Amino acid sequence: MKKLQILFVLLFCLTSYIPVYGQNEMEELTFEEVVALCETEARRRVEEFIQEKIRFHRWDPEYDALKIEFTSDTLFIESVEICLAEKGRDNMLEMKFTAAYKEEKYDQLLNKYYRIVRDRLTPEHQQLFLNAQRTWLRYRDSEEEINRELITSGGYTGGGTMWPLVSALRSVQMIKQRVVYFYELLDCI
């Protein structure tokens with residue numbers, strides 16, 4: 001059900017952006033300036049989405065506070081990415097910047113939701129959770145290393161500029177999945 005909600009949220013974002021600037025005006029801005037514009041637009045879109053859910057009594061702000069927070073957090077990141085693409089920031093270099101942006105933001109969420117889960121656990125379970133997270137971090141680092149070596153080295157893929165982006169997006173996906181896992185754990189504890 002949660003995955004369906006997240007899919008709905010992403011579809012909502014895909015269909016609701018209207019570019020504010022023309023292509024030429026966007027090209028004159030730096031990537032950071034466009035990110036700032038997209039973050040402002042994303043905050044507005046996320047707030048509208050959440051308010052619509054509350055207004056039509058689909059979500060209760062008190063009962064669904066964590067769902068609202070998680071949806072806001074993740075929808076914001078995905079909305080910024082969509083906005084960047086719509087504003088013509090989709091050349092290879094800027095797609096790499098976007099992947100790095102997403103990785104940083106999802107890593108922040110990983111830490112945030114790790115702390116929320118941890119704080120709900122008993123001290124004994126906190127230690128188990130810490131050990132599991134340390135193991136996952138080693139796994140993630142190993143996966144990133146193998147992605148860099150196999151995908152970006154060119155020996156297996158033939159090289160090219162897109163493969164570092166593919167590797168970066170795999171890293172983003174791993175972190176994002178872990179964030180979703182932490183959120184889903186909160187239903188159990």
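1. For the packing angles below, axes are lines fitted to C-alpha atoms, for helices over the stretch in contact, and angles run from 0 to 180 degrees between N-to-C directions. The model is a predicted one.

2. Helix 3 and helix 5 pack with their axes 12 Å apart, at an angle of about 50 degrees. An angle under 35 degrees would count as roughly parallel and one of 65 to 115 as roughly perpendicular; helix 3 and helix 5 are therefore oblique to each other. Their crossing is right-handed.

3. Helix 5 (residues 92-120) also meets helix 7 (residues 162-185): the two axes come within 9 Å and cross at roughly 20 degrees. This makes helix 5 roughly parallel to helix 7. The crossing of helix 5 with helix 7 is left-handed. Sorted by class, the residues in this contact are 19 nonpolar, one polar and six charged.

4. How many disulfides does the structure hold? There is one disulfide, and it joins Cys38 to Cys83 with an S to S distance of 2.3 Å. The angle about the S-S bond is -75 degrees, and the link of Cys38 and Cys83 is left-handed. Cys38 lies in helix 3 (residues 31-55) and Cys83 in helix 4, so the bond ties together parts that are 45 residues apart in sequence.

5. Are Cys38 and Cys83 buried or exposed? The cut-off for buried is under 20% relative accessible area. Cys38 has a relative accessible area of 0% and is therefore buried. Cys83, at 1%, is buried as well.

6. Cys188 should be read separately. The cut-off for exposed is over 50% relative accessible area, and Cys188 has 64%, so Cys188 is exposed.

7. Helix 4 (residues 65-86) can be checked for length. The 22 residues of helix 4, at 1.5 Å a residue, should span 32 Å.

8. Helix 5 in turn crosses helix 7 at roughly 20 degrees.

Definitions and conventions: Residues are numbered from 1 along each chain as its sequence is written. This is a predicted model: local features need pLDDT of at least 70, side-chain atom pairs count only at pLDDT 80 or more; totals for chains, interfaces and linings use all residues. Side-chain values use heavy atoms; hydrogens and water are left out. Helices (H or I, at least four residues) and strands (E, at least two) are DSSP runs, numbered from the N terminus. The expected span of a helix is 1.5 Å times one less than its number of residues. Angles under 35 degrees count as roughly parallel, over 145 as roughly antiparallel, 65 to 115 as roughly perpendicular and the rest as oblique. A crossing is left-handed if the near helix is turned anticlockwise from the far one by less than a right angle, and right-handed if clockwise. Ala, Val, Leu, Ile, Met, Phe, Trp, Tyr, Cys and Pro count as nonpolar, Asp, Glu, Lys and Arg as charged, and the others, Gly among them, as polar. A disulfide is a pair of cysteine sulfur atoms within 2.5 Å. Buried means under 20% relative accessible area, exposed over 50%, partly exposed in between (1.4 Å probe, protein chains only).
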